[in-house]
Amino acid sequence: MGGCGSIQKCLGQPYCGRISFQIGWANLLVTILSMGFLVFSYIKRKEINYLSLFLIGLLLLSVLMMHNQSAFIWEKVSLLQYTQFPWRFLSIAIFSTSLLGGYVILVSPRKYKIWIIGGIT
């Protein structure tokens with residue numbers, strides 16, 4: 001199947017050929033921050049932002065579909081054969097982390113926003 005093959009290759013190893021198949025450290029940072037804000041908002045205010053929860057699930061699903069361990073899913077679901085290449089799920093992962101980045105900026109305290117924006121750009 002192609003794809004990343006391992007988590008290390010998805011995150012920081014040199015890219016394959018001419019196209020980078022990496023998720024990126026900034027996207028990983030945004031994901032961790034958004035998960036932290038989700039847990040904090042649930043503990044503090046007992047509320048869940050379902051959109052960000054959906055985006056985190058979509059991100060995890062797209063990373064799973066890029067990984068070699070999902071080969072059995074690619075073989076069982078015939079509709080996925082039209083996708084042809086597992087790394088096409090990378091666009092879904094990047095799009096969901098960009099929306100999660102907006103969520104992180106929205107819910108972060110005012111005094112830390114400039115540091116968070118600088119850290120993820």
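**Helices and their neighbours**

Guide: In this predicted model, helix H5 and helix H6 (residues 113-120) pack with their axes 9 Å apart and at an angle of about 160°.

Visitor: Which residues of H6 meet H5, and how many charged residues does the contact have?

Guide: From H5, the contact involves Val104, Ile105 and Leu106. On the side of H6, the residues are Lys113, Ile116, Ile117 and Ile120. By class, the contact of H5 with H6 has 6 nonpolar residues and no polar ones, and the number of charged residues is 1.

Visitor: In which hand does H5 pass H6, left-handed or right-handed?

Guide: Two packed helices are described by the angle between their axes and the distance between the axes. The hand of the crossing is given as well for H5 and H6: it is right-handed.

Visitor: How are H3 and H5 oriented to each other?

Guide: The axes of H3 and H5 come within 8 Å and cross at roughly 155°. Since an angle over 145 degrees counts as roughly antiparallel, this places H3 in the following orientation to H5: roughly antiparallel.

Visitor: Which residues make the contact of H3 with H5, and how many of them are nonpolar?

Guide: H3 contributes Ser52, Leu55, Ile56, Leu58, Leu59, Ser62 and Met66. H5 contributes Leu90, Ile92, Ala93, Ser96, Thr97, Leu99, Leu100 and Tyr103. The contact has no charged residues and 4 polar ones, while the nonpolar residues number 11.

Visitor: Is Ser96 buried or exposed?

Guide: Ser96 lies in helix H5. Leaving aside residues up to four places away in sequence, Ser96 touches Leu55, Leu58 and Leu59. Its relative accessibility is 0%, and a value under 20% counts as buried, so Ser96 is buried.

Visitor: Are H2 and H3 roughly antiparallel or oblique to each other?

Guide: Helix H2 (residues 25-45) and helix H3 (residues 50-66) have their axes 11 Å apart and pack at an angle of about 140°. Roughly antiparallel would require an angle over 145 degrees. H2 and H3 are therefore oblique.

Visitor: Which residues of H3 meet H2?

Guide: H2 passes H3 in a left-handed crossing. The contact of H2 with H3 has 5 nonpolar, 3 polar and no charged residues. Thr31, Ser34, Met35 and Leu38 in H2 meet these residues of H3: Ser52, Leu53, Ile56 and Leu59.

**Loops and rings**

Visitor: What is the phi of Lys46, and is Lys46 buried or exposed?

Guide: Lys46 lies in the loop between H2 and H3. Most residues other than glycine have a negative phi. Lys46 is not a glycine, yet its phi is positive, at about 55°. With a relative accessibility of 60%, Lys46 counts as exposed.

Visitor: How are the rings of Trp74 and Phe89 arranged?

Guide: A pair of aromatic rings is described by the distance of the centres and the angle of the planes. The ring centres of Trp74 and Phe89 are 5.8 Å apart and their planes are at 85°. Planes over 60 degrees apart count as edge-to-face, so the pair of Trp74 and Phe89 is edge-to-face.

Visitor: Where do Trp74 and Phe89 lie, and are they buried or exposed?

Guide: Trp74 is in helix H4 (residues 71-76), and Phe89 is in the loop between H4 and helix H5 (90-107). The two residues are 15 residues apart, and the pair links distant parts of the chain. Both Trp74 and Phe89 are buried.

Visitor: What separates the C-alpha atoms of Trp87 and Gln22?

Guide: Trp87 is placed in the loop between H4 and H5, and with a relative accessible area of 29% Trp87 is partly exposed. Gln22 is 65 residues from Trp87 along the chain, and the separation of their C-alpha atoms is 9.3 Å.

**The whole chain**

Visitor: How many helices does the protein chain have, and what percentage of its residues count as buried?

Guide: The secondary structure comes to 6 helices and 0 strands, in the pattern α-α-α-α-α-α. Of the 121 residues of the protein chain, the share that counts as buried is 33%.

Terms used. Residues are numbered from 1 along each chain as its sequence is written. This is a predicted model: local features need pLDDT of at least 70, side-chain atom pairs count only at pLDDT 80 or more; totals for chains, interfaces and linings use all residues. Side-chain values use heavy atoms; hydrogens and water are left out. Axes are lines fitted to C-alpha atoms, for helices over the stretch in contact, and angles run from 0 to 180 degrees between N-to-C directions. Helices (H or I, at least four residues) and strands (E, at least two) are DSSP runs, numbered from the N terminus. Angles under 35 degrees count as roughly parallel, over 145 as roughly antiparallel, 65 to 115 as roughly perpendicular and the rest as oblique. A crossing is left-handed if the near helix is turned anticlockwise from the far one by less than a right angle, and right-handed if clockwise. Contact means heavy atoms within 4.5 Å. Ala, Val, Leu, Ile, Met, Phe, Trp, Tyr, Cys and Pro count as nonpolar, Asp, Glu, Lys and Arg as charged, and the others, Gly among them, as polar. Rings of Phe, Tyr and Trp (its six-membered ring) pair if their centres lie within 6.5 Å; planes under 30 degrees apart count as stacked, over 60 as edge-to-face and the rest as tilted. Buried means under 20% relative accessible area, exposed over 50%, partly exposed in between (1.4 Å probe, protein chains only).
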